[in-house]
Amino acid sequence: MEEYIVSARKYRPMTFDSVVGQSALTTTLKNAVRSGKLAHAYLFCGPRGVGKTTCARIFAKAINCLTPTDEGEACNHCESCQAFNEQRSYNIFELDAASNNSVENIKSLMELTRIPPQVGRYKVFIIDEVHMLSTQAFNAFLKTLEEPPAHVIFILATTEKHKILPTIISRCQIYDFERMSVENTIAHLKHVAEQEGIQYEEEALAVIAEKADGGMRDALSIFDQAVSFCQGTITYQKVIEDLNVLDADNYFRIVDLALENKVADIMVLLNQIIGRGFDGGHLINGLAAHVRNVLMAKDAQTLPLLEVSRQQRERYQQQAQKAPTPFLYKALKIMNQCDQGYRQSSNKRLLVELTLIQVAQLTQPDDADASAGRSPKRLKSLFRKLLNNAQQPKASQQGAAVERRPAERPAPKADAPAVPVTSHQRPSAPVAADRAASTAADEAPVATPVASTFSPSAAPRLKLGELGITFQRLRQGERQKAAEADVEITNKEEKTAFTEETLLNAWIAMCNRMPQKMVAMAQRMKNMRPSLIGDDCIEVVVDNDLLLTQMQDIKGRIRATLAKDLHNGQIQISLRKAEAEEVKPILSKREIFDDIRKSNPAVEKLRTLLDLQLT
């Protein structure tokens with residue numbers, strides 16, 4: 001039985017012309033060989049599997065060739081080329097720096113540089129994974145690398161150029177290898193398949209090329225795996241089954257269903273995908289990449305950015321014609337937010353489902369949900385339209401509206417909603433009555449009950465008429481602020497003593513009970529520390545004038561709430577702006593943690609032992 005050799009070794013390039021995807025670099029190296037203008041040190045850097053070590057071997061072979069061709073290639077017939085092909089050359093040395101990274105290994109290598117070559121002109125030292133050398137080894141290598149013997153050439157190869165000392169980089173000619181494009185990888189896989197007599201589908205090779213992520217060696221390894229699984233003919237379905245790759249058809253279907261607002265069908269498809277063992281985060285990342293490709297396919301200028309096969313590019317162009325650009329932008333934003341919160345989410349599947357529902361609602365024309373991307377202006381317009389529709393049947397039953405003089409207007413109703421009326425529509429009878437009630441309410445004194453304090457049961461009920469800003473609310477704005485300053489204290493007879501600790505607990509509890517619309521104010525108030533400046537006098541220091549004005553508006557409500565919680569109706573509250581020296585910066589989590597580490601060495605010791613990082 002013939003010995004099996006993997007494709008990555010069997011079809012390893014032996015000449016510059018057979019190297020895939022690095023034409024600029026190979027042309028430069030061939031010209032250097034042909035002209036004889038050779039540097040003493042080269043640095044080949046780039047991602048894995050793109051041909052760095054292969055090019056180093058081809059270059060070393062061409063340098064020592066006794067009769068190179070006019071194009072700068074090795075002849076493969078002279079003694080030096082034969083020795084290299086049979087792996088018995090004494091002029092070309094390869095060193096794996098990952099396992100030979102000490103000072104002693106470098107010193108042994110330096111000793112070998114003193115011996116001139118027996119056959120050929122140069123001794124070539126190829127050091128692979130050179131970034132693995134220790135700092136001491138790099139320093140021992142510096143002098144020889146800068147001024148080597150005339151018969152010595154160094155070729156360094158690395159995947160992580162940033163780990164190499166700048167003093168080493170400055171002594172080398174640098175060649176940056178590019179990632180393999182999908183087109184080049186597919187072309188090379190076709191060549192290998194034809195040489196091996198294997199039938200294939202181009203879409204299957206495209207999946208292998210995308211899975212390789214720019215590495216030709218990875219692509220050939222995956223190709224061998226697919227050949228073993230498919231046994232003769234490489235098909236698209238068998239490749240995605242073997243590699244456990246999520247079929248791109250799923251992404252096309254999700255986008256098509258989202259454009260048609262078919263949320264239920266998307267949920268069924270999601271359940272099938274998760275049932276096959278795919279992770280929800282992987283689905284979101286793949287869908288985001290798919291939407292990005294659709295966006296790139298909308299413009300001829302960005303079409304070359306698609307690293308896909310020709311058939312896939314045509315499918316992206318077809319879907320790009322159906323998908324609106326705003327839909328693609330918003331979908332990318334929603335999926336990016338999902339990706340950011342996926343790791344911290346305790347219910348990952350629910351997060352993925354909500355994300356897909358939001359994407360499916362983006363093109364829904366009359367959706368009033370905020371998750372559908374509707375603006376607050378459209379949401380308010382929708383409620384106004386619903387309210388007007390509800391008022392019209394009442395108007396038809398009561399007859400036409402009758403204009404009344406101010407003296408004939410009815411008594412004001414307590415819960416009359418304020419309904420805005422457009423200029424081209426006359427108000428109906430209920431609306432006219434509500435406007436009359438508003439005028440009467442303007443002339444009456446405003447009385448604010450105790451229920452206006454911060455308590456869960458005191459939250460006002462939301463009415464449709466209260467959505468938006470009405471003329472009545474604009475006229476009453478200043479009166480309401482003045483009334484809030486004089487909230488009635490119901491427990492004036494109580495006078496229970498309290499401490500600053502009790503005061504702080506009541507303050508925080510009050511902030512937690514503040515209504516949702518004042519959540520920003522509550523968060524700022526939590527950062528304040530009220531203090532006792534007398535038996536019943538509380539002083540609150542505010543950072544700026546704007547916040548001081550806002551707190552003056554609700555000072556009465558704060559006083560009534562604290563009086564009830566502290567069982568002391570005699571308390572007084574004093575608000576003042578902080579002096580310059582009293583303003584303390586708000587520390588971030590990182591700064592707070594650094595202060596704890598400095599004040600408590602045990603915390604720093606625990607962090608070091610467990611290798612903890614602040615996220």
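Predicted model: local features only at pLDDT ≥ 70, side-chain atom pairs only at ≥ 80, totals over all residues.
The protein as a whole averages a pLDDT of 79, and 79% of the residues score at least 70.

The largest nonpolar core comprises 94 residues. Phe44, Ile155, Phe223, Phe327 and Leu356 are the residues with the most contacts inside this core, and helix α12 (residues 248-259) supplies its largest share, eight residues. Apart from neighbours within four places in sequence, Phe44 contacts residues including Leu29, Cys55, Ala56, Ile155, Leu156, Tyr175 and Phe177. Lys52 and Thr158 are also among the contacts of Phe44. A second, separate core contains 29 residues, among them Ile489, Phe498, Cys511 and Met514.

Helix α16 (residues 325-341) packs with helix α17 (residues 348-360) at an angle of about 170°, and their axes lie 10 Å apart. Angles over 145 degrees count as roughly antiparallel; α16 and α17 are therefore roughly antiparallel to each other. On the α16 side, the contact involves Phe327, Ala331, Ile334, Met335, Cys338 and Gly341. These residues meet Leu351, Thr355, Gln358 and Val359 in α17. The residues of this contact comprise seven nonpolar, three polar and no charged.

Notes. Residues numbered from 1 in each chain as written. Heavy atoms only, no water. pLDDT = per-residue confidence, 0-100. Axes fitted to C-alpha atoms, helices over the stretch in contact; angles between N-to-C directions. Helix = DSSP H or I, 4+ residues; strand = E, 2+ residues; numbered from the N terminus. Parallel < 35°, antiparallel > 145°, perpendicular 65-115°, else oblique. Contact = heavy atoms within 4.5 Å. Nonpolar A, V, L, I, M, F, W, Y, C, P; charged D, E, K, R; others polar. Core = buried A, V, L, I, M, F, W, Y, C linked by side-chain atoms within 4.5 Å. Buried < 20%, exposed > 50% of the residue type's maximum accessible area, 1.4 Å probe, protein only.
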